[in-house]
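Visitor: Could you walk me through this fold, strand by strand and helix by helix?

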Amino acid sequence: MAFKRYNTVNIEYRASNLPRDWRRRVEQVVNSVGASFELNISSVKAGARKSPPGVLISIARDGAEEAWTAACERTVKQRVLEVLNHAKDEEIARQVEAMGLGTKTRESESSIRARERRRSLSPEEKIELENARRGITGELARLYAGARLPAEAADLVVVALKRMEEPKRWALWAQLLITVQETRNLLSDELMQRLRALLR
């Protein structure tokens, strides 16, 4: 008669801004890793831990005791973090799109235009614009890296800087950093003016 074995994995992680199905995604990836290490998993449960912030994963399995190794645990943590980070990026992007971007609204300080008007630019001007945008994106990354931000704003910064690497997405996410109070407050007047000058 085989004895049921149990393992737990604790991962430090802020579970804010995750989609509703994040637990299912975590459980799926743990099952996938388990198959690679012959854990014979019978059930996986993932939950959020409040203090300190983290993700707790409980694994019930029928596999041999020695199947649970340090390499196995490292792989579980690595794959779960990849899934969580990807899910968080997706959710923040979904929330941004749900703000009604792309609708025709009266131009105001608080409105955000999703599409850029760049057809009038020559190829040389577009290259110059993209180079300037890459430069200021690097400045923003250094600025926010040393800043203390609320968890939600910090998550937004991570996603925004990643999305700003795509030329067609740059203006949208730059506008969000200017619009969100917590991220805007860290911008000097000079940096704000330079950012606005690069919007189209």
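Guide: Welcome! This is a predicted model, in which local features need pLDDT of at least 70 and side-chain atom pairs count only at pLDDT 80 or more, while totals for chains, interfaces and linings use all residues. Residues are numbered from 1 along each chain as its sequence is written, and side-chain values use heavy atoms, leaving out hydrogens and water.

Visitor: In what order do the three strands form the open sheet?

Guide: Helices (H or I, at least four residues) and strands (E, at least two) are DSSP runs, numbered from the N terminus, and two strands pair if DSSP finds at least two bridges between them. Strand β1 (residues 5–12) and β3 are antiparallel over eight bridges. Eight bridges also join β2 (residues 41–49) to β3 (residues 54–61), again antiparallel. The order of the open sheet is therefore β1-β3-β2.

Visitor: Which strands stand at the edges?

Guide: Each edge strand has a single partner strand, so one side of each is left without a neighbour in the sheet. The strands at the edges are β1 and β2.

Visitor: How many of the eight residues of β3 are buried?

Guide: Buried means under 20% relative accessible area, exposed over 50% and partly exposed in between, with a 1.4 Å probe and protein chains only. β3 is largely enclosed by the rest of the structure, because its buried residues number six of the eight.

Visitor: What angle does helix α1 make with β2?

Guide: Axes are lines fitted to C-alpha atoms, for helices over the stretch in contact, and angles run from 0 to 180 degrees between N-to-C directions. Contact means heavy atoms within 4.5 Å. Helix α1 (residues 22–36) lies across β2 and β3, and its angle to β2 is about 140°.

Visitor: Which strands does helix α2 touch?

Guide: Helix α2 (residues 70–97) packs on the sheet, its direction making about 50° with that of β1. The strands touched by α2 are β1 and β3.

Visitor: Are α5 and α7 roughly parallel or roughly antiparallel?

Guide: Angles under 35 degrees count as roughly parallel, over 145 as roughly antiparallel, 65 to 115 as roughly perpendicular and the rest as oblique. Helix α5 (residues 170–179) and helix α7 (residues 189–197) pack at about 150°, their axes 10 Å apart. The two helices are therefore roughly antiparallel.

Visitor: Which residues make the contact of α5 and α7?

Guide: On the α5 side, the contact uses Trp170, Ala174 and Ile178. The α7 side brings in Met192, Leu195 and Arg196.

Visitor: Which two residues does the cis peptide bond join?

Guide: Most residues other than glycine have a negative phi, and most peptide bonds are trans. β2 and β3 form a hairpin with four residues between them, and Pro52 is found in that loop. Omega is about -10° for the cis bond, which joins Ser51 and Pro52.

Visitor: Is Asn17 buried or exposed?

Guide: Asn17 is found in the loop between β1 and α1, and has a positive phi of about 60° although it is not a glycine. Asn40, in the loop between α1 and β2, has a positive phi of about 50°. With a relative accessible area of 18%, Asn17 is buried.
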